[in-house]
Amino acid sequence: MSHDLAHLARIITEGFLPAKLALLQGPRDRVVGPLDADRVRGMLLGLAIGDALGNTSEGLTAAEREARFGEIRDYLPNPHAGGTRVGLPSDDTQLTFWTLESLLETGRLDPDDLAARFASRRIFGIGKSVQQFLHSREQGITPWYRCGAESAGNGALMRIAPIVLLHPDGTGPGLWLDTALASIVTHRDASSVAACVAFTDLLSRLLRLPAPPTAEWIIGTFAGTVRQVCTDEQYSARGGLLAGGSGSFPDCLDRALTEAARQRWSTRQACEAWHSGAYLLETVPSVLWILANHAHDPEEAIVRAVNDTCDNDTIAAIVGAAVGALHGARTLPASWRAGLLGRTGASDDGVVFRLIEAAVRQRQFS
């Protein structure tokens with residue numbers, strides 16, 4: 001697949017890459033600098049740990065989860081591991097580490113290879129949009145960028161973090177373009193493209209920050225990228241206190257987060273207000289509000305994601321990637337790291353750890 005700008009512009013203008021042409025320009029303030037190996041490990045481990053902590057209680061409301069389990073601060077007994085308290089993957093971890101595997105083996109983003117890997121293996125807890133993508137492949141739809149579902153779900157956002165490692169010098173046009181292309185493999189939607197680009201841009205910056213940023217910086221950095229990339233397609237809130245509101249994706253995000261700040265909501269109050277399901281108008285404000293309030297404390301950030309949200313495995317995975325990138329693997333609780341089996345399949349213990357170390361060696365992070 002050529003990354004020629006004219007080719008990319010054609011994909012955008014034909015509607016198969018739903019983003020503004022400004023995407024081709026990249027960030028207005030490029031950030032460069034080397035990466036630290038422990039923070040790279042933290043980004044990837046944080047994602048897998050967040051998924052594993054959340055996926056045994058996914059889909060419950062915060063109140064239902066609390067009534068059944070109390071506050072979750074470690075792995076719950078897992079029925080897929082004989083009831084032992086270990087960390088196992090769902091689709092969040094699987095698709096993320098199959099993405100990393102593809103990047104390591106091909107040395108670049110190869111959307112055809114990525115799509116083929118997703119289609120060749122059993123996916124645990126597969127979402128409707130990925131099912132639609134697989135169905136399009138089975139129907140022989142080509143080229144690859146026509147197969148993605150027109151979905152504003154969080155299934156691309158949850159797996160996009162490894163794209164950062166293709167650009168170890170920092171955020172820039174190349175990172176944005178690779179992210180956009182990787183996202184539309186499964187989700188051909190303006191808000192999904194914008195959220196994925198904003199998140200990899202944010203991760204690239206968090207990996208290099210010397211100290212935790214302010215809440216205003218986190219929200220402003222992410223929102224600024226979304227506005228630069230996203231089209232003017234209209235979205236509507238699905239329910240909760242913000243139901244009935246509609247507008248562009250960045251406008252909807254701004255309205256939700258402004259209300260949360262005005263009301264001084266806790267993460268639980270905010271996530272209940274806009275629900276916190278798999279819809280990006282629920283997932284993204286949940287991630288940003290948790291990070292705005294808890295980015296300085298990686299353990300508490302992940303715990304809040306696990307306990308206070310509905311699609312808690314995915315939101316905890318995304319939050320885990322962010323705080324892991326900011327603080328490093330060593331700051332994640334030892335019990336979480338020890339209890340994670342490192343699978344991407346039914347019995348391939350340790351493959352997650354091997355892929356992380358392969359990425360560190362291949363990219364020669366300091």
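1. In which helix does A63 lie? A63 is part of helix α3, residues 62-69. Helices here are DSSP runs of H or I with at least four residues, strands are runs of E with at least two, and both are numbered from the N terminus. A63 counts as partly exposed because its relative accessible area is 40%. The classes are buried under 20% relative accessible area, exposed over 50% and partly exposed in between, with a 1.4 Å probe and protein chains only. From A63 to D189 the separation is 126 residues in sequence and 32 Å in space, C-alpha to C-alpha.

2. Basis of the values. This is a predicted model, in which local features need pLDDT of at least 70 and side-chain atom pairs count only at pLDDT 80 or more, while totals for chains, interfaces and linings use all residues. Residues are numbered from 1 along each chain as its sequence is written, and side-chain values use heavy atoms, with hydrogens and water left out.

3. Overall fold. The protein chain has 16 helices and two strands. Its C-alpha atoms fill a box of roughly 55 × 45 × 45 Å along the principal axes. Of the 366 residues, 62% count as buried. Among contacts with a separation of 6 or more, 71% are between residues 24 or more positions apart; a contact means heavy atoms within 4.5 Å.

4. T344. This residue sits in the loop between α15 (334-339) and α16 (351-363). T344 counts as buried because its relative accessibility is 6%. The side chains of T344 and W98 are joined by a polar contact of 3.4 Å. Such a contact is a pair of N or O atoms within 3.5 Å; within protein, one must be able to donate a hydrogen and the other to accept it, and residues adjacent in sequence count only if both atoms are side-chain atoms. Leaving out residues up to four places away in sequence, T344 touches P89, Q94, F97, W98, F124, V351 and V352.

5. Backbone points to check by eye. Most residues other than glycine have a negative phi, and most peptide bonds are trans. The bond from T142 to P143 is cis, with omega near -5°, and P143 is in the loop between α6 (128-138) and α7 (173-184). H275 has a positive phi of about 80° although it is not a glycine, and S276 has a positive phi near 85°. H275 lies in the loop between α11 (267-273) and α12 (280-294), and S276 is also found in the loop between α11 and α12. H275 is partly exposed because its relative accessibility is 40%, whereas S276 is buried, at 1%.

6. Largest pocket. Its volume is about 380 Å³. It is lined by 17 residues, and N78, H80, L88, P89 and F124 are the closest to its centre. On a 1 Å grid over the protein atoms alone, a pocket is an open set of points with protein on both sides within 12 Å along at least five of seven lines, a cavity is a set where a 1.4 Å probe fits but cannot get out, and lining residues have an atom within 4 Å of a point. Grid points are joined across faces, edges and corners, and a volume is the space filled by probe spheres set on the points. The lining has five nonpolar, seven polar and five charged residues. Ala, Val, Leu, Ile, Met, Phe, Trp, Tyr, Cys and Pro count as nonpolar, Asp, Glu, Lys and Arg as charged, and the others, Gly among them, as polar.

7. Second largest pocket. This one holds about 320 Å³ of space. Its lining has 19 residues, with G127, K128, S129, N154 and A278 nearest the centre. At least two lining residues each come from α4 (91-106), α6 and α14 (312-327), and α6 gives the largest share, three residues. By class the lining is four nonpolar, nine polar and six charged.

8. Cavities. There are four cavities of 30 Å³ or more. The largest cavity has about 50 Å³ of space and is lined by L100, L103, L104, L165, L166, A359, Q362 and R363. Six of the lining residues are nonpolar, one is polar and one is charged.
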